[in-house]
Amino acid sequence: MSDKTLSRRKFLGTATTAAGAAAAGSLAAPAVLAQSPITLKMQSSWPSSDIFQDMAAQYVERVEVMSGGRLKIDLLPAGAVVGAFQVQDACHDGVIDAAHTVPVYWYGKNKAASLFGTGPVFGADANQMIAWMYHGGGDEFYRELVQDVLGLNVVGFFAFGMPAQPLGWFKEPIESADQIQGLKYRTVGLAADLFQAMGASVAQLPGGEIVPAMERGVIDAFEFNNPTSDMRFGSQDVAKNYMLSSYHQASESFEFIFNRDRFESLDPDLQAILKHGVEAVHLANFALAMDQYSKDLDALQAEHSVNVRRTPDDVLQVQLDAWDQILPDLMEDEFFSKVVESQKQWCERVVFYTLMNSPDYKLAYQHYFPDKINF
């Protein structure tokens, strides 16, 4: 075989390979270009300035990265499409695809909604109650309430076990539960029943309406959630006494809800990203909260002359007594009763382990920072 023949065959082989590669490229390119991102419209229950909106954005960022850009979420603040308390209905109706909220905002439909974040305290914190959602049957109870009892076309997942919410903002420090009597007080969910049992007159308002209501005298005192949200709302401009520690909402967490039809129309891997992305943002939200809440608590004291105090133990005991007062009537509802019994069984076992196992962190803190706290 001549060198000329070899050269010709080599040329033809190279040309054929190149043509094949080019053909493959020309076929693949349209498929990639045709796969434009799927966009879900998500509205939160928070103003755009609230740290909760920042936490929702952490979820949005993670979903987009984990999906390789195939799935995007258009995050909107409260009021962009519907009111803060209406996001669940909007998801059910398909007006929005998803929402970032808390179950207590739809507790008016069924008081058992508060059991998924703002119910009675049996000793567990918010993270231990999220563990109940995953391993104690809570997830199935939630599905039963939302889909079977209420007949809503939504699915939901939970993340970010919030630190116990402060008793709130007052014109005078709260030293006795008697001072709650007659107060026009803002809270939401079963906490409304709790404070009414303590003698308060309760107004249930979205976060963005709290400070204007205080300025107009519609309310005398209020709680929302944490030092950062409270400071961004301008709480320090309408009250100067901030009481930390309370049993009224000691185990709340975020609810991520999706229109069920829209969620199930997605590819299985994208459904998994939306579901498990909630687990991923759980840690991200908690880390952000620990950093920002502590900084802003310092700022409230140093820059805004806020009197930060811990709620007295006797006030906390009155709250527990109030829970005991309101629970019997609520437990007459079969669904409510079985959820509470499940939570109590979970807490008896899990909190026993935690209390037996946990060292006294307060003792260690006072060892290194002896002049910082006085309780």
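**Figure 1. Asp-97 is buried in this predicted model.** Its relative accessible area is 16%, and under 20% counts as buried. Asp-97 forms a salt bridge with Arg-262, with the closest N and O atoms 3.6 Å apart. The pair links distant parts of the chain, 165 residues apart. Asp-97 lies in the loop between α3 (87-93) and β3 (98-101). Arg-262 lies in helix α9 (residues 260-265). Arg-262 is partly exposed, with a relative accessible area of 27%.

**Figure 2. Arg-309 and Glu-175 form a salt bridge.** The closest N and O atoms of the two residues are 3.4 Å apart. This pair also links distant parts of the chain: Arg-309 sits in strand β11 (residues 307-310), and Glu-175 in the loop between β5 (168-170) and β6. Arg-309 counts as partly exposed because its relative accessibility is 30%. Glu-175 is partly exposed too, at 49%.

**Figure 3. The side chains of Lys-72 and Glu-64 meet in a salt bridge.** The N to O distance is 2.4 Å. Lys-72 is partly exposed, with a relative accessible area of 28%. Glu-64 is also partly exposed, at 30% relative accessibility. The count of salt bridges in the model comes to 14.

**Figure 4. Helix α6 (residues 190-197) is mostly covered.** Of its 8 residues, 6 are buried. These are Leu-190, Ala-191, Ala-192, Asp-193, Leu-194 and Phe-195. The cover over these buried residues includes two strands, β6 (184-186) and β7 (201-203). It also includes two helices, α11 (313-330) and α12 (334-357). After α6 comes Gly-199, with a positive phi near 100°.

**Figure 5. Pro-227 is buried in helix α8 (residues 227-233).** Its relative accessible area is 10%. Leaving aside neighbours within four places in sequence, Pro-227 is in contact with Tyr-242, Tyr-293, Asp-296, Leu-297 and Leu-300. Gly-168 lies 59 residues from Pro-227 along the chain. The C-alpha atoms of Pro-227 and Gly-168 are separated by 9.9 Å.

**Figure 6. Tyr-365, Tyr-368 and Phe-369 make a nonpolar surface patch.** The patch covers about 360 Å². Tyr-368 belongs to helix α13 (residues 361-368). Tyr-368 counts as exposed because its relative accessibility is 62%, and the exposed class is over 50%.

**Figure 7. Cys-91 and Cys-347 are both buried.** Cys-91 has a relative accessible area of 0%. Cys-347 has a relative accessibility of 3%. The disulfide count for the model is 0.

Figure 8. Of the 375 residues, 48% count as buried. Among contacts between residues at least 6 apart in sequence, 79% join residues at least 24 apart. The accessible surface comes to about 17900 Å². Carbon and sulfur atoms account for 54% of that surface.

Definitions and conventions
Residues are numbered from 1 along each chain as its sequence is written. This is a predicted model: local features need pLDDT of at least 70, side-chain atom pairs count only at pLDDT 80 or more; totals for chains, interfaces and linings use all residues. Side-chain values use heavy atoms; hydrogens and water are left out. Patches are made of residues with over 30% relative accessible area and no salt bridge: like charges are joined within 9 Å, nonpolar side chains (Val, Leu, Ile, Met, Phe, Trp, Tyr) within 5 Å. Accessible areas come from the Shrake-Rupley method with a 1.4 Å probe; for residues, only the protein chains shown count as cover. A salt bridge is a side-chain nitrogen of Lys or Arg within 4 Å of a carboxyl oxygen of Asp or Glu. Helices (H or I, at least four residues) and strands (E, at least two) are DSSP runs, numbered from the N terminus. Buried means under 20% relative accessible area, exposed over 50%, partly exposed in between (1.4 Å probe, protein chains only). Contact means heavy atoms within 4.5 Å. A disulfide is a pair of cysteine sulfur atoms within 2.5 Å.
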